[in-house]
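Have it open while you read, and go through the points in order.

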Amino acid sequence: MSLLSDLINLNLSDTTDKIIAEYIWIGGSGMDMRSKARTLSGPVSDPSKLPKWNYDGSSTGQAPGEDSEVILYPQAIFKDPFRRGNNILVMCDAYTPAGEPIPTNKRHAAAKIFSHPDVVAEEPWYGIEQEYTLLQRDVKWPIGWPLGGYPGPQGPYYCSIGADKSFGRDVVDSHYKSCLYAGINISGINGEVMPGQWEFQVGPAVGISAGDELWVARYILERITEIAGVVLSFDPKPIQGDWNGAGAHTNYSTKSMRHDGGYEVIKKAIEKLGLRHKEHIAAYGEGNERRLTGRHETADINTFLWGVANRGASIRVGRDTETQGKGYFEDRRPASNMDPYVVTSMIAETTILWKP
């Protein structure tokens, strides 16, 4: 008698060349991820070889009912850690039947920026620190917290171990290994300052791939929390009061910054970011004003400042970068619910293409 787990784990390659491709896209809210699967005749490693597909945009808030078809364009392929074998996850973006990007398709505009010759020449690298909170399913309260109550104050939870301090490690480690299996360049994980909150880092990734990899890492994480029966939150301030918010600090460098003399290039780039502070803040995530208060390792949302090793700054430059005279910097302003296509391309556009 087969168990359900036996059937889920069937190895298709024992009996067929066919594979399952899970097409993933971003829904109408800009944060909800959607996906559906189709059978292909054999393994595929090049997204351009995958067929376009469509979905009902009226059911995702992306098209009217009388003209509801939205077209999916495959853009990036990852190995599927859930079905394994030759099965794949496919990151897509969305277009009208006439070939126009729909309003929630932020990848299309980002790809234009990343394909600009001046940006290509600078090889922009990104490392994104994605913070998130795990919530108890029925009460939407952080895991490990007493129902209707609060744990002890922050201090013992950051990078902690122990049943009274670290909550959700099974989800976190499952996600870590699943991302490595998928081919995502996940570079680490750690427990965060608020109990029930964690972080994973994606990168270094070049150009548009940073957005593709972060979105698929988010997809995998939400699938794992579905299995575990907990709720995933990217709210930038899930608990009001004296608790840390959740961000998506974005580390960035260009070829010029990574070479000798790069520190001067970094300072000029930071100056440009300061001149466009309001525009960046407006694009860095909903509800970010609840997080960027000047407390809990943030700069005030209306203030732009940078510093070396300063986690209360808008932009932090590492000690190593200052010492070596080259390297990268960290934009600490993006919220946990930011769109990585928007943030990464905007940083590149401001620092490389924009002329003050």
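1. Arg 84 sits in the loop between strand S4 (69-79) and S5; helices (H or I, at least four residues) and strands (E, at least two) are DSSP runs, numbered from the N terminus. Although Arg 84 is not a glycine, its phi is positive, at about 60 degrees. Its relative accessibility is 35%, so Arg 84 counts as partly exposed (buried is under 20% relative accessible area, exposed over 50%, partly exposed in between, with a 1.4 Å probe and protein chains only).

2. Before going further, a word on where this comes from. This is a predicted model, in which local features need pLDDT of at least 70, side-chain atom pairs count only at pLDDT 80 or more, and totals for chains, interfaces and linings use all residues. Residues are numbered from 1 along each chain as its sequence is written, and side-chain values use heavy atoms, with hydrogens and water left out.

3. Two further backbone points. Glu 123 also isn't a glycine, yet has a positive phi of about 45 degrees; you'll find Glu 123 in the loop between helix H3 (117-122) and strand S6 (125-136). With a relative accessible area of 34%, Glu 123 is partly exposed. Then there is the peptide bond from Gly 203 to Pro 204, which is cis, with omega near 0 degrees. Pro 204 belongs to strand S8 (residues 197-206). For context, most residues other than glycine have a negative phi, and most peptide bonds are trans.

4. On to charges. There are 18 salt bridges in the structure, each being a side-chain nitrogen of Lys or Arg within 4 Å of a carboxyl oxygen of Asp or Glu. One of them joins the side chains of Glu 22 and Arg 83 (2.7 Å, N to O). Glu 22 lies in strand S1 and Arg 83 in the loop between S4 and S5, so this pair ties together parts that are 61 residues apart in sequence. Glu 22 is buried, at 6% relative accessible area, while Arg 83 is partly exposed at 29%. Glu 22, Asp 80 and Arg 83 are linked in a network of salt bridges.

5. Two other bridges are worth a look. In the one between Lys 49 and Asp 46, the closest N and O atoms are 3.4 Å apart; Lys 49 is exposed at 62% relative accessibility, and Asp 46 is partly exposed at 29%. Glu 322 and Arg 319 also pair up, with 3.5 Å between the closest N and O atoms. Both lie in helix H9 (residues 319-324), three residues apart, about one turn of the helix.

6. What about helix H7 (residues 262-275)? H7 has 14 residues and reaches 20 Å from its first C-alpha to its last, close to the 20 Å expected at 1.5 Å a residue (the expected span is 1.5 Å times one less than the number of residues). Its buried residues are Gly 262, Tyr 263, Ile 266, Ala 269, Ile 270, Lys 272 and Leu 273.
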